[in-house]
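Hi,

Here is the structure I promised to pass on. Have a look at it first, and then read on for my notes.

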Amino acid sequence: MRPVIPYVTAALLFGLGVYGVLRRRNAVLVLMAVELMLNAVNLILVTADTTVRAALPHSGQVFALFVIVLAAAEIGVGLAIVLQLYRLRASVTVDDVPLTEAPAGVAGGRGEGDR
C-alpha cells in the first residue's frame, strides 16, 4: 500500500487546523481546530503503523487511542473554561480574554491604603 494519500490528507487536515487556531476569534472554533489537528496526528499514527514494520505490533494504534483520550479530556476542560468565560463576559471571543490580572490598586481594586 502506498501511504501517500493518507499522509497528504493528514497534512491538509493539520494545516487547516493550524489556520483555524491562528485565525479564529471564537474560542469554540479554536477548540474545534485543535481537535482537527489531533485527528490529523491520529491518521498519521495509524498510517505509519500499517506501513512501517515496528518492533511492537499495533503501537501506532495504541498511541492513537492515547491521543483520543487526551483529546476528550482537553475538550472537557476547554469547554468548561469557555462556559465560565461566557458566564463572566457574555462573549467567547478570544481577543477579549485578559491574559494578566490587574494589580491590586488599579481598576477599582482595593489596595493597602483603601481599608
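Leaving aside its neighbours within four places in sequence, which residues is Asp-49 in contact with? They are His-58, Ser-59, Gly-60 and Gln-61, where contact means heavy atoms within 4.5 Å. Asp-49 itself sits in helix α2 and is buried, with a relative accessible area of 14%. For that word the cut-offs are these: buried is under 20% relative accessible area, exposed is over 50%, and partly exposed is in between, using a 1.4 Å probe and protein chains only.

Before you go further, some housekeeping. This is a predicted model, in which local features need pLDDT of at least 70 and side-chain atom pairs count only at pLDDT 80 or more, while totals for chains, interfaces and linings use all residues. Residues are numbered from 1 along each chain as its sequence is written, and side-chain values use heavy atoms, with hydrogens and water left out.

Now the overall picture. The protein chain has 3 helices and 0 strands, so reading along the sequence gives α-α-α (helices are DSSP runs of H or I with at least four residues, strands are runs of E with at least two, and numbering starts from the N terminus). Of its 115 residues, 20% count as buried. Among contacts with a separation of 6 or more, 55% are between residues 24 or more positions apart. The chain exposes about 8,800 Å², and carbon and sulfur atoms supply 67% of that (areas come from the Shrake-Rupley method with a 1.4 Å probe; for residues, only the protein chains shown count as cover).

Next, the helices themselves. α2 has 25 residues and reaches 37 Å from its first C-alpha to its last, close to the 36 Å expected at 1.5 Å a residue. The expected span is 1.5 Å times one less than the number of residues. The buried residues of α2 include Ala-27, Leu-31, Met-37 and Asn-42, and its buried residues pack against α1 and α3. Helix α3 covers residues 59–89, and its 31 residues reach 44 Å, close to the expected 45 Å. Buried in α3 are, among them, Gly-60, Ala-71 and Gly-78, and α2 is part of what covers the buried residues there. After α3 comes Ala-90, whose phi is positive, near 60°.

Glu-35 is buried yet has no salt bridge, and the nearest side chain of opposite charge, Arg-24, is 16 Å away. (A salt bridge is a side-chain nitrogen of Lys or Arg within 4 Å of a carboxyl oxygen of Asp or Glu; Lys and Arg count as positive, Asp and Glu as negative, and His and the chain ends are not counted.) Leaving aside neighbours within four places in sequence, Glu-35 touches Ala-71, Glu-74 and Ile-75, with the contact cut-off given above.

Then there is Arg-25, in the loop between α1 (4–23) and α2 (27–51). Is Arg-25 buried or exposed? Arg-25 is exposed, with a relative accessible area of 55%. Beyond neighbours within four places, Arg-25 is in contact with Val-92, Thr-93, Val-94 and Asp-95. Arg-25 and Asp-95 are 70 residues apart in sequence but 6.5 Å apart in space, C-alpha to C-alpha.

Finally, take a look at Leu-22 in helix α1, which is exposed at 67% relative accessible area.

Cheers
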